[in-house]
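This report goes through one protein structure, starting from a single residue and its surroundings and widening to the whole chain. The sequence and the coordinates are shown here for reference.

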Amino acid sequence: MANSFIGKKATPELGEEMLAATGAKTLRWVPPRSAVTMDFRPDRLTVSYDDDYVITQASCT
């Protein structure tokens, strides 16, 4: 489900749409070249984007 947002522009509005679509409780945006914790949280949607704010990866982890 979250993968259907890959290629779209990362915006706060799209973030809300992604939360609703996936049922996740929290959203974590991951900017380019950022380190993130690897703790597993299935209720969290993690969304990575590139320098142009285009979503490159999205998953509930």
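Once neighbours within four places in sequence are set aside, Ser48 is in contact with Val30, Val54, Ile55, Thr56 and Gln57. The model in which these contacts are found is a predicted one. Ser48 belongs to strand β2, and because its relative accessibility is 17%, under the 20% that marks the limit for a buried residue, it counts as buried.

**Strand β2 and Thr46**

Strand β2 covers residues 44-49 and also holds Thr46. With a relative accessibility of 9%, Thr46 is likewise counted as buried. Apart from neighbours within four places in sequence, the residues in contact with Thr46 are Arg28, Val30, Gln57, Ala58, Ser59 and Thr61. Val30 and Gln57 are among these partners of Thr46, and both are also listed among the contacts of Ser48. One of the partners, Arg28, is joined to Thr46 through a polar contact of 3.2 Å between the two side chains. Another, Ser59, stands 13 residues from Thr46 along the chain, while the C-alpha atoms of the two are separated by 5.5 Å.

**Strand β3 and Cys60**

Strand β3 is made up of residues 55-60 and includes Cys60. For Leu45, which is 15 residues away from Cys60 along the chain, the C-alpha separation is 4.3 Å. Cys60 has a relative accessibility of 30% and therefore counts as partly exposed, a value that falls between the limits of 20% and 50%.

| Residue | Relative accessibility | Class |
|---|---|---|
| Thr46 | 9% | buried |
| Ser48 | 17% | buried |
| Cys60 | 30% | partly exposed |

**The whole chain**

The protein has one helix and three strands, and these elements follow one another from the N terminus in the order α-β-β-β. Its C-alpha atoms fill a box of roughly 25 × 25 × 15 Å along the principal axes. The radius of gyration is 11 Å, which agrees with the value near 10 Å that a compact globule of 61 residues would have.

Of the 61 residues, 30% count as buried. The accessible surface comes to about 3900 Å², and carbon and sulfur atoms account for 56% of this area. Among the contacts with a separation of 6 or more, 29% are made by residues 24 or more positions apart. As for charge, the protein carries 7 positive and 8 negative side chains, with the centres of the two sets 5 Å apart.

Technical notes: Residues are numbered from 1 along each chain as its sequence is written. This is a predicted model: local features need pLDDT of at least 70, side-chain atom pairs count only at pLDDT 80 or more; totals for chains, interfaces and linings use all residues. Side-chain values use heavy atoms; hydrogens and water are left out. Helices (H or I, at least four residues) and strands (E, at least two) are DSSP runs, numbered from the N terminus. The radius of gyration is taken over C-alpha atoms; the globule rule is 2.2 Å times the number of residues to the power 0.38. Buried means under 20% relative accessible area, exposed over 50%, partly exposed in between (1.4 Å probe, protein chains only). Contact means heavy atoms within 4.5 Å. Accessible areas come from the Shrake-Rupley method with a 1.4 Å probe; for residues, only the protein chains shown count as cover. Lys and Arg count as positive and Asp and Glu as negative; His and the chain ends are not counted. The place of a charge is taken as NZ of Lys, CZ of Arg, CG of Asp or CD of Glu. A polar contact is a pair of N or O atoms within 3.5 Å; within protein, one must be able to donate a hydrogen and the other to accept it, and residues adjacent in sequence count only if both atoms are side-chain atoms.
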